[in-house]
Amino acid sequence: VLRLPVQPSRGNFYEASAAKALSHAARIDVTYFERHMSDFADDDVLLNTGVSFPIAFSSAEVRGTEVTFDVPHWKRLSASASYGWQRGTGRLPITGGLFLGDEATSLLTSTTEFPITQDQRQTIRGRAAWQAAEALWTAVAASYGSGLPVEFDGTRADALAQYGQRIVDRVDFDNGRVRPSLSLDAAVGVVIAKSGARRLTVQADVRNLTDRLNVINFAGLFSGTAIATPRSVAVRLRADW
């Protein structure tokens, strides 16, 4: 057994932004950022369970660009859309964690680079809300992710035996990426009582309307396998005074 102390993470973050009002109702923002970190903190998941151990990579870099288009208020409509491109790279060796057998030797001595969980190249999000009446509003939202990297040493047959057909179908083994994810959401809110500044509102939210199976991480050495929430409904009662 070899135990190494996990040191505090330190980093330097740089960001440059530009914004432009396109009209009285719309605005566009463009941001470029870089993040350089030493002793990059993460968690090592033990055998895809809920047990994890703190770890730190030697260093990591994340860089990317975000473009946001925003309509805060135009008549009864408000909307926003964003596009993000991001690349994340980590470097070994590693400290901390619990690694067994040959895996420990390679992780504690290697100096190779690898994609980290921030390495999702394309992310698109959009939302629109409509004030149908003074006491009624509706909203729809959509999100798309091009997929996180996959590091699986076994064969497709091994993956099928361990994870099943539905999950394996959501992995592109040739490109080493989880297949793109897509989620559509909707919400509606109704003011059921109002008196001066006091207000009672009921809001219903539906997540993942199409009940699509979205795999977030697959068999990651440090992150395990994670599945996005299936279709779900939530109802809230809110009081303001």
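Which residue lies over the face of Phe13? In this predicted model, that position is taken by Arg35, at 5.8 Å from the ring centre.

Interactions between aromatic rings were examined next. Six aromatic pairs are found in a search of the whole structure. One of them joins Phe57 and Phe114 in an edge-to-face arrangement, with 5.0 Å from centre to centre and 65 degrees between the planes. This pair links distant parts of the chain, 57 residues apart, as Phe57 belongs to strand 3 (residues 52-74) and Phe114 to strand 5 (residues 113-115). Phe57 is buried, its relative accessible area being 1%; Phe114 likewise counts as buried, at 12% relative accessibility.

Phe173 and Phe218 also pair: their ring centres are 5.9 Å apart and their planes stand at 90 degrees, so the contact is edge-to-face. Because Phe173 is located in the loop between strand 8 (171-172) and strand 9 (177-178), and Phe218 in strand 12 (residues 215-220), the pair ties together parts that are 45 residues apart in sequence. Phe173 is partly exposed, with a relative accessible area of 28%, whereas Phe218 is buried, with a value of 1%. Both residues belong to one aromatic cluster, together with Phe152 and Tyr163.

Leu237 is placed in strand 14 (residues 232-240) and counts as exposed because its relative accessibility is 60%, the cut-off being over 50%.

Definitions and conventions: Residues are numbered from 1 along each chain as its sequence is written. This is a predicted model: local features need pLDDT of at least 70, side-chain atom pairs count only at pLDDT 80 or more; totals for chains, interfaces and linings use all residues. Side-chain values use heavy atoms; hydrogens and water are left out. Helices (H or I, at least four residues) and strands (E, at least two) are DSSP runs, numbered from the N terminus. Buried means under 20% relative accessible area, exposed over 50%, partly exposed in between (1.4 Å probe, protein chains only). Rings of Phe, Tyr and Trp (its six-membered ring) pair if their centres lie within 6.5 Å; planes under 30 degrees apart count as stacked, over 60 as edge-to-face and the rest as tilted. A charge sits over a ring if NZ of Lys or CZ of Arg is within 6 Å of the ring centre and within 35 degrees of the ring normal.
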